[in-house]
Amino acid sequence: MSVALTADTTGATAPASHGDDLARLVIEQDALLRVARAVASGAHPEVVFALVAQEVARIMCVEAGIVWQYCPEGSRVVGTHGEHGSQLGVVFPTTGEGAVAITARTGRPARVDYRAIPAADPTAARVVSQGYTGGVAAPLVINGRPWGAVLAATTGDESLPNDAESRLMHFAELASLAIANAQAREELTLRATIDDLTESINQGEFQRRIDGLVDDAIGGGAPLSLVVVDLDHFKRVNDDFGHQVGDRVLRSAARAMSGVIRPEGTLARVGGEEFAIILPGLDVDAAARVAERARHAGARMSEPGLPPVTASAGVADLADARSADQLFAAADRALYLAKESGRNRVMTVAAATAASGMAGGPDPAAVESPGPLAAVRALAVAVEAKDPATRRHSERVADLVGRMAASAGWAARDIDALRECALVHDVGKIGVPDALLLKRGPLSADEYEQVKAHAPIGAQIVRELLGPRQTAWVRHHHERHDGAGYPDGLGGDEIPAGARLLAVADANDVMTTGRSYAAARTPADAMAEVRAMAGTQFSPDAVRALGDALPG
């Protein structure tokens, strides 16, 4: 059977007779197929809304189609097709006798002759002045709830066909399913970019955004800054109050910081208690002011049952770096020196560099060569920054191994020396290819040999800055009690005491924070694993020191 078709005013084809049911069915099926394909291809909801509006105009053979979404103020335009004054985002009240207003009130299709609407009606001024003579609307219902409406409007002199309501209602029912699927897909995509705990963007989305923004800023000669924020002594919160309270602190801190950095910045959670704030268009001085607001907001957060916390922040801009990785490393270096200078403060790269050689910086009794050693520490921070799982690893190890040494009866100066050593114990990884450091999955034998080289490389780097004893701790922190470790196969008491403690603290942090090749374990599980390896991988004395240093 052939169907006579004529061109409609939207550029599509329409049946010569509105009564030709078969022709209408073909048009509706084609329209739904186009919408379904867009949804299946992963199109953004805004694209789907625009396509639905276009198909509404097409199947109804009229000049304009609009998709409306209900909101507290009325109905918002979210999809349009045709020449009319209803721009995206415009909100119309759902009062009066317009087709969409009637549908919103009744939940049923509505047809309106705009020429018959009183001039005082809210719809008249919007549609009659644009030459529209009539319209028909049908509800969009998603998950059993009114979501919005579709509207077909015409400028023609002829009335809309008798079955306009039923035809548009049939299409609206199926379009509702397509819109629901598009929004569900978008929600899944959004959730993949959001940190579930703090509702800030997650580390993966942060990396994607900062890479693009840095490239754009450099290409356009525009300023861009990055702030890295770390909650001070957060491990103590988890140890003293438990991880549930720690999670509440993180949520509250993120909420407090988000409230004061907008509209300039975007907050991301890039580590356990570490956040980053991306600030396009701001130089380092303006970014430092935003960082101060964020720091103060975190300190002022007040919620029953939560312990007070402070935060430290480091700030860098594109004057300090020429790539996203360099920018993060520069801000992280400033953060490290802010923490070393007493915590609860903001430092720029320039201020941090100046402070490293001035009073109020690191204790000279604990740092034999402040300038060069700070540079080595910055190098170690840059290595750790390559992988989100290793950021702040050395700081955590330094804190833990210091407590272990104290429980083992070490003198204060020796504890300081061991903590100092722990801060740079992995600096030798600068000599290991990134592909191996970031590899997901097991290493081959050859690859493992390359990774093992980081211990002697690290010792070589620090030997001019640290004493012989500390250099030995760096070189031997991967030796095993049974002699099967590296690089020299030392065993038992042949392994320097500091290296024995460092090996246990290092392993404990790796297990409790996780890596790309292994999920994080609970503190209790990690402690059980360390104890199971006492006498083989680890020194029994070092294992006891870990048990004494950890709570519970």
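Q: Which strands does helix H2 (residues 45–60) lie across?
A: Helix H2 lies across strands E3 (64–71), E4, E7 (134–142) and E8 (145–154), and runs at about 75 degrees to E4. Helix H3 (residues 99–106) also packs on the sheet, touching E3, E4, E6, E7 and E8 (contact: heavy atoms within 4.5 Å). The direction of H3 makes about 35 degrees with that of E7 (axes fitted to C-alpha atoms, for helices over the stretch in contact; angles from 0 to 180 degrees between N-to-C directions). Helices (H or I, at least four residues) and strands (E, at least two) are DSSP runs, numbered from the N terminus. The model is predicted: local features need pLDDT of at least 70, side-chain atom pairs pLDDT 80 or more, while totals for chains, interfaces and linings use all residues. Residues are numbered from 1 along each chain as its sequence is written, and side-chain values use heavy atoms, without hydrogens and water.

Q: In what order do the six strands form the open sheet?
A: Strands of a sheet pair through backbone hydrogen bonds, either parallel or antiparallel. Here the order is E5-E4-E3-E8-E7-E6, with antiparallel pairing (at least two DSSP bridges between two strands). E5 (91–92) and E6 (110–113) are at the edges with a single partner strand each, so one side of each has no neighbour in the sheet. Two bridges join E4 (residues 74–81) to E5, and Arg76 stands opposite Val91 in E5.
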